[in-house]
Amino acid sequence: MSKKSIRNDWRLIESMIDPKSKVLDIGCGEGGLIKQLEASIHSDTRGIEIDPELTRKAIAEGLSVVQGNAEYDLNQYSNQSFDYVILSQTLQVMLKPKDVLNELLRIGAKAIVSFPNFGHWKIRFQLLLSGRSPITEGLPYKWYESPNFHFFTIKDFQDLCKKSNIVIEKSIGLTSKGNQFDLDKKVLGSNLITSEAIFLLSFQKFETIKIQSKQKSFYNTSAIVR
Amino acid sequence: MTHKVEIKKNEKLTCDIAFFSNTNCNLDSGYHLENFKIAYKGFGKLNRNRNNAILVCHALSGDQFVAGKNPITNKDGWWARMVGPDKPIDTNKYFVICANVLGGCVGSTGPKEINAMTNSHFGTDFPSITIRDMVKVQKYLIDALNIEKIFAVVGGSMGAMQVLQWTIDYPDKLENAIHIAGALKHSAQNIAFHEVGRQAIMNDPAWNKGSYKDTETKPERGLAVARMIAHITYLSDDVMHRKFGRKLQSRDIISFGFDADFQIESYLRYQGKSFVERFDANSYLYLTRAMDYFDLTENFSKSVEFSSQHNKHINYLVISFTSDWLFPTKENKQIVNILNYNTRKVSFSEIETDKGHDSFLLDEPELDLTISGFLDSNFIRLQDK
């Protein structure tokens with residue numbers, strides 16, 4: 001991925017966040033995004049990063065970042081303890097993206113998810129014409145070296161959100177040239193020209209139901225669509 | 001506070017000793033400690049804002065000579081590679097304080113010192129002490145030095161235990177806490193190793209129920225064995241294999257006897273021998289016991305959860321080592337999890353090394369970078385406030 005697109009990504013994420021919010025960045029790398037959020041909109045940030053080297057770089061920046069694996073270390077965060085949970089360019093490397101997506105919205109009131117769109121026309125053409133796994137700016141790896149487990153498109157993601165009772169509050173597409181447009185407006189062909197998509201998500205209105213059992217009482221968040 | 005304090009230079013120990021009298025210091029055991037002394041050494045200078053003090057808490061076998069020369073061993077201080085001018089904990093920038101713990105044997109009140117009541121050595125008449133007691137007397141020292149707020153408390157192993165205790169007992173006295181290779185509690189396995197060490201000392205006839213000072217013969221063999229056992233727990237299988245393997249010591253063939261045929265045997269014997277020259281056997285009993293009694297499983301989470309207003313400001317840094325089986329990553333992570341569960345400002349780094357628990361004292365560039373980066377960036381932040 002080129003540097004330019006990373007910055008675009010961050011700028012758009014920042015635009016989705018209210019000032020002075022509590023933000024958790026999952027897969028925060030060396031903490032560039034959260035550092036920017038702290039400086040520009042006074043976010044109170046935390047980060048988690050799997051790579052020891054990047055984690056240490058983030059710590060040396062004075063950021064509160066823990067080394068850990070988003071796949072099974074997210075259970076240490078309590079319910080609704082953050083205003084926003086960010087998962088930037090990471091969903092496609094998760095073994096169980098659906099579970100992770102649910103975790104994001106358990107921890108945070110809102111989630112911001114960005115990913116490379118596998119439905120981009122260049123990818124479709126490459127596969128169609130060459131008959132080989134596509135390599136693009138956003139997905140620059142050979143199939144046998146790629147850290148990405150899952151290849152999905154904007155439509156795939158929208159379907160999953162619908163199925164999981166997740167509301168898409170905002171969604172923005174970025175073309176490979178860095179132009180941005182609203183994905184909510186259902187522009188024809190947006191799935192073709194978006195190389196990278198950013199979603200602001202929340203759970204559909206929930207009601208907490210307390211269920212009493214003989215042994216113990218526990219809480220179950222079942223979706224009740226109002 | 002009605003207690004009195006007098007700070008004197010000690011030429012022989014090349015450090016300062018703070019004498020506290022008429023104190024109201026009650027130990028966890030119920031013992032009332034009216035007078036006590038704390039031997040400590042400062043490195044660097046306290047700045048005008050008095051906000052650059054770093055308290056380093058030493059481990060079981062450590063002392064106040066964290067940097068510079070140790071006058072007893074004539075070797076470098078135990079963390080001289082971490083603390084000093086232009087070192088990761090830079091004494092050009094920070095004022096580093098290191099105090100010999102309560103119950104220690106390098107100038108602070110402990111079993112080796114004279115009991116004013118009886119005019120002979122305390123020996124096993126010394127009250128049982130805990131990590132909390134150690135921290136309590138350190139707090140007396142920090143107050144005596146007129147330091148309102150410590151910039152950071154730093155420690156590994158038994159030092160890490162003190163760091164956690166500081167964050168619970170005196171959270172408003174500190175800004176940052178660096179906890180290296182520690183745990184919320186001393187595990188059953190760790191207590192077991194300590195018990196073997198203590199049995200080695202107490203079964204040495206020279207120990208004489210702790211009053212060996214009077215007979216002028218010290219339980220050196222017992223203490224050396226205790227140190228040898230403990231030293232094994234500070235290493236790892238991999239590092240022993242890498243450094244010693246099955247290599248023989250100054251010989252080409254095995255002796256068919258019980259000499260130190262193998263290099264590892266010779267190494268451990270040397271470790272034991274050099275330890276008894278500088279450490280007191282009774283002190284070893286007391287300090288290992290203090291570690292055994294350490295258990296913050298309940299108190300730490302309670303303190304983080306319920307006294308949130310007091311310790312919310314603290315930046316925590318937790319560091320563990322992959323090959324440390326005495327205080328493994330798993331146990332360090334428990335602390336991180338509690339802090340994260342309560343959305344505290346915590347950083348955590350696991351450093352990949354084969355050097356075992358001792359890694360925190362050894363050449364680990366990643367450890368240096370993490371500590372200096374954490375301290376320096378938070379110090380800049382503090383100045384900006």
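Predicted model: local features only at pLDDT ≥ 70, side-chain atom pairs only at ≥ 80, totals over all residues.

**Exercise 1. Describe the make-up of chain A and chain B.**

Solution. Begin with the elements: chain A contains seven helices and 10 strands, while chain B contains 12 helices and 15 strands. Next, consider burial. Of the 226 residues in chain A, 38% are buried; of the 385 residues in chain B, 47% count as buried. Finally, take the contacts between residues at least 6 apart in sequence. In chain A, 60% of these join residues at least 24 apart, and in chain B the corresponding share is 68%.

**Exercise 2. Classify the packing of helices H3(B) and H8(B), and list the residues in contact.**

Solution. H3(B) spans residues 188–202 and H8(B) spans residues 281–293. Their axes are 10 Å apart, and the packing angle is about 160 degrees. Angles over 145 degrees count as roughly antiparallel. H3(B) and H8(B) are therefore roughly antiparallel to each other, and their crossing is left-handed. H3(B) contributes Ile191(B), His194(B), Gly197(B), Arg198(B) and Ile201(B) to the contact. From H8(B) come Ala281(B), Tyr284(B), Leu285(B), Thr288(B), Met291(B) and Asp292(B). By class, the residues of this contact are six nonpolar, three polar and two charged.

**Exercise 3. Carry out the analysis for helices H1(B) and H2(B).**

Solution. H1(B) covers residues 131–144 and H2(B) covers residues 158–169. The axes come within 9 Å and cross at roughly 65 degrees, which makes H1(B) roughly perpendicular to H2(B). The crossing is right-handed. On the H1(B) side, the contact is made by Ile131(B), Arg132(B), Met134(B) and Val135(B). On the H2(B) side, it is made by Met161(B), Gln162(B), Gln165(B), Trp166(B) and Asp169(B). The contact of H1(B) with H2(B) holds five nonpolar, two polar and two charged residues.

**Exercise 4. Describe how helices H5(B) and H7(B) cross.**

Solution. The helices in question are H5(B), residues 220–234, and H7(B), residues 263–276. Their axes come within 8 Å, with a crossing of roughly 125 degrees. H5(B) is therefore oblique to H7(B). The handedness of this crossing is right-handed. Among the residues of H5(B) that meet H7(B) are Leu223(B), Met228(B) and His231(B); their counterparts in H7(B) include Leu268(B), Gln271(B) and Phe275(B). The contact of H5(B) with H7(B) consists of seven nonpolar, three polar and three charged residues.

**Exercise 5. Identify the buried residues of helix H4(A) and the strands that cover them.**

Solution. H4(A) runs over residues 97–107, and its buried residues include Pro97(A), Leu101(A), Glu103(A), Leu104(A), Leu105(A) and Ile107(A). The cover over the buried residues of H4(A) includes strands E1 (22–26), E4 (82–88), E5 (108–116), E6 (166–174) and E8 (196–203) of chain A.

**Exercise 6. Describe the side of chain B that touches chain A.**

Solution. The contact takes 22 residues from chain B and 17 residues from chain A. In chain B, strand E14 (315–321), helix H11 (329–341), strand E15 (345–351) and helix H12 (365–384) each supply at least two residues of this side. H12(B) gives the most, with eight residues. The residues on this side of chain B comprise seven nonpolar, 10 polar and five charged.

Methods: Residues numbered from 1 in each chain as written. Chains lettered and ligands numbered in written order. Axes fitted to C-alpha atoms, helices over the stretch in contact; angles between N-to-C directions. Helix = DSSP H or I, 4+ residues; strand = E, 2+ residues; numbered from the N terminus. Parallel < 35°, antiparallel > 145°, perpendicular 65-115°, else oblique. Left-handed = near helix turned anticlockwise from the far one by under 90°. Contact = placed C-beta atoms within 7 Å. Nonpolar A, V, L, I, M, F, W, Y, C, P; charged D, E, K, R; others polar. Buried ≥ 20, exposed ≤ 12 C-beta atoms within 10 Å, placed from the backbone.
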